[in-house]
Amino acid sequence: MVFMADQFDFFSRRCAWVNGPIIVGSGPSGLAVAASLKEHGVPFVILERSDCIASLWQKRTYDRLKLHLPRQFCQLPNFPFPEDYPEYPTKKQFVDYLESYAKYFEISPRFNQSVQSARYDETSGLWRVRTVGTGAEAGNRSHEMEYIGRWLVVATGENAEKVVPELEGLGEFGGDVTHACDYKSGEAYRGKRVLVVGCGNSGMELCLDLCDHDAFPAMVVRESVHVLPREVLGKSTFELAVMLMKWLPLWLVDKILLVLAWLVLGSISKYGLRRPSTGPLELKNTQGRTPVLDIGALGKIRSGDIKVVPGIKRFSPGRVELADGRVLDIDSVVLATGYRSNVPQWFQGCDFFSKDGFPKTPFPNGWKGQSGLYAVGFTRRGLSGASSDAVKAAKDIGRMWREETKPAKRPVACHRRCISQI
């Protein structure tokens, strides 16, 4: 019976041959690869599980979000931001920019295509990517596809899935529990006591937004955290770090940043915020932990509008017991606990990626694997890192594409029911 089921699945799924790379993901990373491939004249297919490009930005971000870095460090290849955009574009402006990018380069992803598996077929020397339909196409076997091609570009990025930690008693809490990906505005929390779990950029900004809507946030800080001013004397802290890195070693740049942070922000330890012993840039490079760029939350912490509390021991109905024994009455919980790569869920038969879904090869060489495999958007260096890898991947594929499409043709083996060509 198992054999018959496998045979049915084998012959029922439609297949499509892809003349060029198969790109998984139509976020900024996938779009950057696609546009760069266009520059080299290489055809491609983009598979996207959602019904729009950049679904993380469009559907899973809060309303007040702005880019945390200046726009020049966030633009995609060969397409600058409009001149009238502010230095830190809003969420809507960035989404509009991405839509314009896709339109300009004539990028048309195949939406509602959720990748279930991707594996390299040693016998044929090709990648086989199996998808099922989502949205209105969910559950319809006629929308199951297998895409077959010479190259695979994994562009699902670092933030594909939300992280929801196991917290004792959370199921008994009884109040509203929301992950940051579903949080839109503090308006829904007006007058409520809200526990925000997480003290990264999202946690800090959500607390600030809650304060602006007359809520009463308490922020859980379990680990040490670097808080830096977003700007120093009108100059972006990130831009300053990039400039200093051209001339000075990383450890010295870290010390300079911490001195500047102390001069601008003062001591933060008295507010319950402990700095790590490792510098902010080194911590980012080695562990992927991004420093918080303060845009006003620290002032609310100083004034007491945002309470800083230690780790959680357990939840109970309408309450939370903290690690220091204190008990808080709360109405809602917002989990600003971050995101993770989803690559381990569908990528098969290759050890290029580690268990956490990131390339095992460290930066700057993690963009290319073997057998036509590429990874874009996993540098932990934001949009500039993704753009750099996209350009390198497209250039490498373009070189091979030109070599393999020279007039001298070689026979290509047939594959099961490849009923279409892309």
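1. A quick term to start with: two strands pair if DSSP finds at least two bridges between them. Strands are DSSP runs of E with at least two residues, helices are H or I runs of at least four residues, and both are numbered from the N terminus.

2. Please keep in mind that this is a predicted model, where local features need pLDDT of at least 70, side-chain atom pairs count only at pLDDT 80 or more, and totals for chains, interfaces and linings use all residues. Residues are numbered from 1 along each chain as its sequence is written, and side-chain values use heavy atoms, leaving out hydrogens and water.

3. On to β5 (residues 145-154): its antiparallel pairing with β4 runs over five bridges, with Arg 130 opposite Glu 146 in β5.

4. Now for another sheet. Five strands, in the order β7-β18-β8-β9-β14, form an open sheet with parallel pairing. β7 (176-179) and β14 (307-309) are at the edges with a single partner strand each, so one side of each has no neighbour in the sheet.

5. The partner of β14 is worth a look too: β9 (residues 216-220) pairs with β14 in the parallel sense over three bridges. Within this pairing, Lys 307 in β14 is the bridge partner of Ala 218.
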